[in-house]
Amino acid sequence: MPQPLSSKESSLFRQVIRNYEDKQYKRGLKAAEQILKKNPKHGDTMAMKALIINQQGKTDEAFALGKEALTADMKSHICWHVYGLLYRHQKNFEEAIKAYKFALRLEPDSHQIQRDLAFLQIQMRDYQGYIQSRTAMLQARPQLRQNWTALAVAHHLAGDLDQAEKVLTTYEDSLKVPPSKTDYENSEAVMYKNSIIAETGDYQKALDHLESIAKHNLDRLAVLELRAAYLSKLGRKEEAVEAYRGLIDRNSEHPDYYTKLEAILGVDTGDYSSRKAVYDEYAEKNPRCDAARRLPLDFLAGDDFREAARSYLSLMLDKGVPSTFANLKHLYTDPFKRDTLGSLAHEYLESKRASSEGATTNGDALKGEPAALYYLAQHYNYHLSRDLAKAMEYVNKGIDLSSDNVEFHMTKARIWKHYGNTQKASETMDEARKLDLKDRYINTKAAKYQLRNNENETALKTMGLFTRNDSPGGPLNDLLDMQSVWYLTEDGEAWVRSGNIGLALKRFHAVYNIFEVWQEDQFDFHSFSLRKGQIRAYVDMIRWEDHIREHPFYTRAALGAIAVYLSLYDSTQVNGVDGSEANRDEAAERKKAAKKAKKEAQKAEREAAERAAKQDPNKAKGAAVEPVKKDDDPNGLKLAATTEPLAEATKFLAPILQFSPKYIEGQIAGFEVFIRREKYILALRCLNAALAIDPTNPMVHEQVIRFCLVLHSKIRSLPAKVSEVLKAKFTAVNPSADLSELNADFQTKHKDSPSHVISAIKSERLLGEDKKESEKALAGVLSLKAIDHEQAAEVFALLQQWRSSEADAFKAAAHEKWPEVTAFA
């Protein structure tokens with residue numbers, strides 16, 4: 001039992017709790033100390049003190065005091081509750097749940113403990129436990145609608161749709177006074193119930209329910225869309241057509257409405273004239289409607305396409321719509337449509353030149369001739385119709401006509417990027433930025449291009465133009481606060497290219513931590529969404545969070561980090577075997593880059609201090625300043641000095657394999673990690689998954705060869721069961737196959753593909769072929785017709801890695817072939 005306190009100390013204890021809730025930690029700590037002077041073993045006060053000092057960042061001290069509090073009073077629900085809160089703060093949710101359950105046994109009626117337990121259970125996706133907690137909360141306070149809704153959500157997420165619907169119906173039946181017509185919470189709750197009925201597959205019941213609530217529901221658009229969808233699924237064609245026509249009248253730019261209307265009308269997909277008639281009706285009705293004119297271009301062919309495309313393109317170029325090419329580029333997968341659009345743009349340009357000879361052009365407007373030049377520059381810059389010389393010709397003509405137009409300069413920067421000249425691309429994009437200093441988008445683009453050119457410090461200054469000037473840690477700290485994932489990823493990749501492994505890992509870990517924060521942020525919404533009645537959005541968020549690490553932002557940063565950790569591991573292995581000089585050079589380069597980064601960080605700190613000193617002296621001095629958490633490894637030196645690079649790589653890899661199993665780059669990275677960890681069954685699983693996705697992938701071929709070599713050398717030393725599994729599951733290559741012959745066949749089969757030839761030559765070297773011959777063969781890849789400058793840069797990097805005498809000659813030949821490429825300059 002909790003130890004009794006005098007009335008004065010009881011009042012002080014209540015003050016401690018209030019101070020903690022109000023975040024007045026110093027006052028709370030002072031009040032707790034007063035109680036503990038007279039009652040040094042008062043468990044509840046010790047627990048509250050532990051909670052306060054935990055908020056002040058003294059986690060280890062808080063845990064020690066929390067355990068001491070439990071020792072002093074094992075039967076105090078406050079001590080157990082606080083112990084759970086401490087574990088939750090450390091993200092050890094399993095232990096936190098155990099502590100909460102123990103606290104509930106001691107105080108079953110505590111709403112606060114029950115609520116904290118429920119939030120942890122939904123966070124951990126323990127749906128059965130969540131149902132139990134929500135049932136207990138409902139029984140304790142049945143008058144609150146959110147308790148009923150929360151129990152329905154629990155059943156819904158657990159997959160028991162009938163029970164979820166029953167809970168919501170029971171609450172509705174218990175109401176003696178009907179809810180107000182303007183009650184947002186009720187409007188959302190009944191729409192949520194309707195979505196549950198629809199998920200059961202009983203669309204007639206869902207439609208009947210929707211009709212009964214439609215009149216007074218506040219979400220009119222959702223009602224109309226669901227009604228149209230239900231009528232369509234029930235085969236009530238005429239009513240469904242009317243419903244979708246009503247939606248198009250409401251929003252004529254929504255492409256899905258047209259697609260669904262077509263499907264319900266049953267128009268034959270090959271009957272282009274009938275399909276186009278559907279769109280023409282709305283194009284005539286809404287002269288300013290874009291979708292009704294653009295969407296038919298997706299299915300029209302031949303002369304019909306040419307006429308429709310001419311009409312659409314002329315209209316857009318006359319208006320000067322900058323996004324015209326972006327709206328049409330998806331059609332370029334069809335060669336006929338690609339060539340037709342290009343020729344139509346040329347026709348339009350010639351007609352405008354013929355009709356406006358001697359006329360002055362309005363340099364501020366991207367209409368008419370400038371619009372056609374802009375379209376053609378993008379047309380020839382696009383990868384499916386690329387001719388960079390023509391793209392540069394048209395963009396320069398556009399700049400001559402309209403020298404202060406941002407779009408032309410941005411397009412020119414993109415053309416330089418595709419040439420491979422990152423220096424000129426960066427300079428040109430910065431020129432575009434200077435044409436409109438108030439535009440955040442072009443500012444961001446300029447910083448991105450600077451990072452691609454490895455100008456990390458310049459890019460940070462550029463980004464700093466749109467960050468808070470008073471940010472204590474400078475622009476970078478503000479970008480971290482704003483969770484600017486794209487910047488951190490690009491910055492990390494630039495540091496990798498510059499050889500600064502520490503800062504590269506620092507950025508990749510920052511991205512990893514941002515995704516952790518997004519996962520953690522759910523806690524706020526478990527309470528908020530139910531309190532505000534935003535149930536459908538809440539369920540969508542829960543389902544989205546379950547797959548958050550499928551996002552390309554995560555996979556890109558994670559693969560970058562994995563590549564760095566693999567290179568760190570490989571360098572230690574090489575160093576351990578023969579003390580390689582190359583490895584020492586790499587270490588020296590890393591040390592030099594780290595020293596440079598340290599100087600840059602110190603410079604940024606000085607600039608931040610100067611900005612702070614120049615701040616308005618009239619600002620209130622008493623205003624609370626949020627403490628800045630000091631980073632004890634600002635340059636990532638500790639991350640780069642890890643003794644377990646493969647364990648760190650596995651941390652980044654696991655979510656990719658779990659949430660993106662069809663992503664071949666993830667499976668390739670998985671093989672690389674597991675083969676080095678000598679986890680051969682896991683490596684084989686990744687290899688088999690990659691083979692299932694794309695058996696012709698050049699990297700996968702290379703890994704197959706490597707796995708065969710590992711099996712031949714290691715199979716006898718492995719446990720019998722492991723050997724048995726590997727032999728049974730590795731079916732890509734016959735055990736008796738000649739690997740050299742297999743590799744030669746692969747190279748012959750893909751002799752025109754540079755990436756496949758490169759992998760075959762790398763495999764030759766693995767198989768013990770003559771090194772000089774391999775290097776000559778690799779340098780000879782430059783003669784392949786299909787090779788591009790990026791593949792040539794990969795070959796050059798490989799020749800340098802092999803310390804080949806062919807490297808300099810290859811670089812010179814590549815520079816002659818691609819004189820604009822920065823990598824060969």
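Predicted model: local features only at pLDDT ≥ 70, side-chain atom pairs only at ≥ 80, totals over all residues.
Residues are numbered from 1 along each chain as its sequence is written, and side-chain values use heavy atoms, with hydrogens and water left out.

We begin with a single helix. Helices here are DSSP runs of H or I with at least four residues, numbered from the N terminus. Helix α10 covers residues 161-174, which is 14 residues. From its first C-alpha to its last, α10 reaches 20 Å, close to the 20 Å expected at 1.5 Å a residue; the expected span is 1.5 Å times one less than the number of residues.

Which residues of α10 are buried? They are L161, A164, E165, V167, L168 and Y171. A residue is called buried under 20% relative accessible area, exposed over 50%, and partly exposed in between, using a 1.4 Å probe and protein chains only. Seen down the axis of α10, the buried residues fall within an arc of 155°, so they line one face of the helix. The arc is that of the directions from the helix axis to the C-beta atoms. On the other side of α10, the residues D162, K166 and D173 are exposed. The buried residues of α10 pack against three helices: α9 (145-157), α11 (184-199) and α12 (203-214). Contact here means heavy atoms within 4.5 Å.

T45 lies in helix α3 (residues 43-55) and is buried, with 0% relative accessibility. Leaving aside residues up to four places away in sequence, T45 touches F13, A32, I35 and L36.

Next come the charged side chains. A salt bridge is counted when a side-chain nitrogen of Lys or Arg is within 4 Å of a carboxyl oxygen of Asp or Glu. How many salt bridges does a search of the whole structure find? It finds 41. One of them joins K98 and E95, with 3.3 Å from N to O. K98 and E95 are 3 residues apart in helix α6 (residues 93-106), which puts about one helical turn between them. K98 is exposed at 53% relative accessibility, whereas E95 is partly exposed at 28%.

Is the pair D290 and R294 buried or exposed? Both D290 and R294 are buried. They form a salt bridge in which the closest N and O atoms are 3.1 Å apart.

K714 and E678 also meet through their side chains in a salt bridge, at 3.8 Å from N to O. K714 lies in helix α38 (residues 698-714) and E678 in the loop between α36 (664-676) and α37 (680-693), so this pair ties together parts that are 36 residues apart in sequence. K714 is partly exposed, with a relative accessible area of 32%. Salt bridges can also share partners: in this way R452, E490, E493 and R556 are joined into one network.

The search for disulfides, meaning pairs of cysteine sulfur atoms within 2.5 Å, finds 0 in the whole structure. Among the cysteines, C79 is buried with a relative accessible area of 1%, and C289 is buried with 3%.

Two loop residues have a backbone angle to look at. R125 has a phi near 60°, a positive value in a residue other than glycine. R125 sits in the loop between α7 (111-123) and α8 (127-140) and is buried, at 18% relative accessible area. N454, which is likewise not a glycine, has a positive phi near 65°. N454 is in the loop between α25 (440-452) and α26 (456-464) and is partly exposed, at 32%.

The last topic is the interior. In soluble globular proteins, nonpolar side chains tend to be buried together. A nonpolar core is a set of buried Ala, Val, Leu, Ile, Met, Phe, Trp, Tyr and Cys residues joined through side-chain atoms within 4.5 Å. The largest such core has 79 residues, and those with the most contacts inside it are Y258, L297, L328, L341 and Y375. Helix α21 (residues 369-381) gives the largest share of this core, 8 residues. Apart from this core lies another, of 65 residues, including F515, A557, I656 and A669.
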